[in-house]
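Try each task yourself, then read through the worked solution.

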Amino acid sequence: MADVTINTTWWLLLVFITDVTIRIAAVIIVPRNRRPTAAMAWLLAIYFIPFIGVFLFLLIGNPRLPRKRRKKQEQINEYIEETSSSLDFGTLRPDAPDWFTALVTLNRNLGAMPLAGDNGAHLISDYQESFDTMADAVRRAERYVHVEFYILQSDAATDVLFSALEEVAARGVTVRVLMDHWANRGKPFYKKTKKRLTKMGATWHLMLPVQPFRGKYQRPDLRNHRKLLVVDGKVGFMGSQNVTDSTYNLKKNIKRGLHWVDLMVRVEGPVVASINAVFLSDWYSETDEILTDEIDLFDVSSGPGDLDCQIVPSGPGFRFQNNLKLFAGLLYAAQKEIIIVSPYFVPDEAMLLAITTACQRGIHVELFVSEEGDQALVYHAQRSYYEALLKAGVKIWMYQRPFILHSKSMTIDDETAIIGSSNMDMRSFGLNLEISMLVRGGEFVHEMRGVEQEYRDLSRELTLEEWEKQPLRSNVLDNLARLTSALQ
């Protein structure tokens, strides 16, 4: 009996020492190079659920890509800066505001492409029309087609695009495809899509593969969230839409009647070379292959317009959160109006401060989100910000169910806009590889305003009076989800 008591005592002592060691080590290790809110969230997880918290931290606690991939991104940034510094990227519009010029310089210093003039851009807000338009552009290809999408599925809705790829591949056009591994793995039509790409003769690769037994591993939820397509360096597409049916072919979405609403932009002009450069950099990151013949920085032609456009890539391969700095800069630069469309709106302190400060400066601010959520944690975390936004004066529009408003854009006053793959949430700021396009041109903003009005007509306004009637259980869920959103 005495031996049992002694053994029990030693085990309790060992557990106690281990627990104390973990807590002390966490205080030293976790906060390093991490935002205070993220560090505090991790420390709370480790302190309240030590073993689970430590396991999760070891699994997803590193918000950066492996050193080798970061080194590649640095090499790419240096090459683009060196080769593009003396090149002609079209004629820029006159009389740019000082803040816009400063913002373009900021983007360049963080790894963005040069500001390009003489571009044409057209928005595509119809889901199926975007596939049809991309397919039409693909069929005109003479040299190459570059396809990069977070989710890529061959299904009934996307067949027109896949058929176009098959047609051009059959006549000798090079087709290169990148798709995110984790986002597609185990999803409907995954195997069918890979087989179809192989059969047509496309060269395809998985982005950020999580294949530890093949020596390929990083934090599993670091994802390449970009959506883009380039044809011959002359025509490009980018935006929020994945290549999949509007239900994502998921049974749970079909059962709930959910359909995604997205926004793509078709561009022509010098900026297409910048979009292509993002693809080439991701191709190099995944394959170690440098496609020098398709860089196209030295052979850019004017487009059917005079828009100034700048491509801003961002993600854990960069030292700084490029898209966050860009969004914050635009919010502080606004003089009259800010319209934000973001399906997953989970801002950090800097973004929330910029938005509420804009309201306090007398700026009219509107935010479009979905009434229905497809991701429970993000949905509840997003809701936890509504009260502060409404009290600050933000007008919140809720796109009515059963549709998921998935577009990502922001317009500032009458002349400046941004569109791309990036949400206004901490995941897009720090964990996802994203692509955004900064645009200066009243005609483009006017077109964006038309899309925003379409969204407004299909939405209902959330009022502070309605929000304050939320039941206690909803507030508890929202606030708990808000804490988990900081785990980066």
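This is a predicted model: local features need pLDDT of at least 70, side-chain atom pairs count only at pLDDT 80 or more; totals for chains, interfaces and linings use all residues.

**Exercise 1. Find the loop that holds Pro 402, and say which residue is joined to Pro 402 by a cis peptide bond.**

Step two is the bond. Arg 401 and Pro 402 are joined by a cis peptide bond, with omega at about 10 degrees. As background, most peptide bonds are trans.

**Exercise 2. Take helix H13 (residues 349-360): check its span, then list its buried residues and what covers them.**

First the span. H13 has 12 residues, and at 1.5 Å a residue they should span 16 Å. The end C-alpha atoms are 16 Å apart, so the two values agree.

Now the buried residues: Met 351, Leu 352, Ala 354, Ile 355, Thr 356, Thr 357, Ala 358 and Cys 359. Their cover includes helix H12 (322-333), strand E11 (337-341), strand E12 (364-370), helix H15 (386-392), helix H16 (426-430) and helix H19 (472-484).

One more detail: just after H13 comes Gly 362, with a positive phi of about 90 degrees.

**Exercise 3. Which residues have the most contacts inside the largest nonpolar core, and what does Met 410 touch?**

In soluble globular proteins, nonpolar side chains tend to be buried together. Here, the largest nonpolar core has 44 residues, and those with the most contacts inside it are Ile 338, Ile 355, Leu 389, Ile 396 and Met 410. H13 gives the most to this core, with six residues. Apart from it lies another core, of 43 residues, among them Ile 275, Val 278, Leu 291 and Val 341.

Then zoom in on Met 410. Leaving out residues up to four places away in sequence, Met 410 touches Phe 327, Leu 330, Leu 331, Ile 338, Ile 339, Ile 340, Thr 416, Ala 417, Ile 418 and Met 424.

**Exercise 4. Count the cavities of 30 Å³ or more, then describe the lining of the largest cavity.**

The count comes to four cavities of 30 Å³ or more. The largest cavity has a volume of about 80 Å³.

Its lining is made of Phe 327, Val 341, Ser 342, Lys 408, Ser 409, Met 410, Ile 418, Ile 419, Gly 420, Ser 422, Met 424 and Ser 436. Strand E15 (409-412) and strand E16 (416-420) are the elements that give two or more residues to this lining, and E16 gives the most, with three. Sorted by class, the lining has six nonpolar, five polar and one charged residues.

**Exercise 5. Say where Arg 226 and Leu 161 lie, whether each is buried or exposed, and what each is in contact with.**

Arg 226 lies in the loop between strand E5 (223-224) and strand E6 (227-231). With 1% relative accessibility, Arg 226 counts as buried. Beyond its neighbours within four places in sequence, the contacts of Arg 226 include Glu 148, Tyr 150, Asp 282, Phe 318 and Glu 434.

Leu 161 belongs to helix H7 (residues 159-170). Leu 161 is buried too, with a relative accessible area of 1%. Setting aside neighbours within four places in sequence, Leu 161 is in contact with Phe 131, Met 134, Ala 135, Val 138, Leu 229 and Val 243. Leu 161 and Val 138 are 23 residues apart along the chain, and their C-alpha atoms are separated by 7.9 Å.

Methods:
Residues are numbered from 1 along each chain as its sequence is written. Side-chain values use heavy atoms; hydrogens and water are left out. On a 1 Å grid over the protein atoms alone, a cavity is a set of points where a 1.4 Å probe fits but cannot get out, and a pocket is an open set with protein on both sides within 12 Å along at least five of seven lines; lining residues have an atom within 4 Å of a point. Grid points are joined across faces, edges and corners, and a volume is the space filled by probe spheres set on the points. Helices (H or I, at least four residues) and strands (E, at least two) are DSSP runs, numbered from the N terminus. Ala, Val, Leu, Ile, Met, Phe, Trp, Tyr, Cys and Pro count as nonpolar, Asp, Glu, Lys and Arg as charged, and the others, Gly among them, as polar. The expected span of a helix is 1.5 Å times one less than its number of residues. Buried means under 20% relative accessible area, exposed over 50%, partly exposed in between (1.4 Å probe, protein chains only). Contact means heavy atoms within 4.5 Å. A nonpolar core is a set of buried Ala, Val, Leu, Ile, Met, Phe, Trp, Tyr and Cys residues joined through side-chain atoms within 4.5 Å.
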